[in-house]
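Biologist: Please take a close look at one part of this model: its side chains. How accessible are they, and what do they meet?

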Amino acid sequence: MIVAHAPRRIELLQWFGLFGGAAAWTLQHLGIFAIAVARCNPGSARWGIDDQTWKLALTIAAGVVALAAEAAAVTTFLRTRDAGEDDPPPRGRLHFLSACASAGNVLFLGAILLDGIGSLYWHPCTQA
């Protein structure tokens, strides 16, 4: 049940739960691409960037954000469990979107792990 003075907090949790995993995967994917481009650029060689360390750090950070988004979605779902998906807003919307976010975050966490693991074995700029 939503406490009367906390509807804004549960809404913020719901929105973070809905978009947190997707944003984490997007930023991780773009970051891994940027690291690969920097590795291929001869001018970046003097920086001494260890691309594997940065890719791993991005993957771990994105995974933590996706797990936090999953926790937010589950918390919202549990706090609105007495509401139905077709109840009037905001309770029905909170319940429905938190259920969708919970399922989506599992998929985004999988994409984050696959993207991160795959990037550790992907070495652009090498000739075969």
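Modeller: Buried means under 20% relative accessible area, exposed means over 50%, and partly exposed lies in between (1.4 Å probe, protein chains only). By that scale Trp25 is partly exposed, with a relative accessible area of 29%. This is a predicted model: local features need pLDDT of at least 70, side-chain atom pairs count only at pLDDT 80 or more, and totals for chains, interfaces and linings use all residues. Residues are numbered from 1 along each chain as its sequence is written, and side-chain values use heavy atoms, with hydrogens and water left out.

The whole structure holds two aromatic pairs (Phe, Tyr or Trp rings, the six-membered one for Trp, with centres within 6.5 Å; planes under 30 degrees apart are stacked, over 60 edge-to-face, the rest tilted). In one of them, the rings of Trp15 and Phe19 have centres 5.9 Å apart and planes at 5 degrees, so this pair is stacked. Trp15 is partly exposed, at a relative accessible area of 33%. The rings of Trp25 and Phe108 have centres 6.3 Å apart and planes at 40 degrees, so that pair is tilted. Trp25 lies in helix H1 and Phe108 in helix H3, so their pairing ties together parts 83 residues apart in sequence. Phe108 is partly exposed too, with a relative accessible area of 27%.

Now the charges. There are three salt bridges in the structure (a side-chain nitrogen of Lys or Arg within 4 Å of a carboxyl oxygen of Asp or Glu). One joins Glu11 to Arg93, with the closest N and O atoms 3.4 Å apart. Glu11 belongs to helix H1 (residues 7-40) and Arg93 to helix H3 (residues 91-121), so this bridge ties together parts that are 82 residues apart in sequence. Arg93 is partly exposed, its relative accessible area being 28%.

Lys55 meets Asp51, and their closest N and O atoms are 3.7 Å apart. The two residues are four residues apart in helix H2 (residues 51-79), a separation of about one helical turn. Lys55 is buried at 0% relative accessibility. Asp51 is buried as well, at 9%.

Asp82 and Arg91 also form a salt bridge, 2.5 Å from N to O. Asp82 is exposed, with a relative accessible area of 51%. Arg91 is partly exposed at 23% relative accessibility.

Asp115 is found in helix H3. What does Asp115 make a polar contact with? The partner is the side chain of His29, 2.7 Å from the side chain of Asp115 (a polar contact is an N or O pair within 3.5 Å; within protein, one atom must be able to donate a hydrogen and the other to accept it, and residues adjacent in sequence count only if both are side-chain atoms). Leaving aside neighbours within four places in sequence, Asp115 is in contact (heavy atoms within 4.5 Å) with Trp25, Gln28, His29 and Ile32.

Ser98 is found in helix H3. Ser98 is buried, at a relative accessible area of 1%. Not counting residues up to four places away in sequence, Ser98 touches Gln14, Ala73, Thr76, Phe77 and Thr80.
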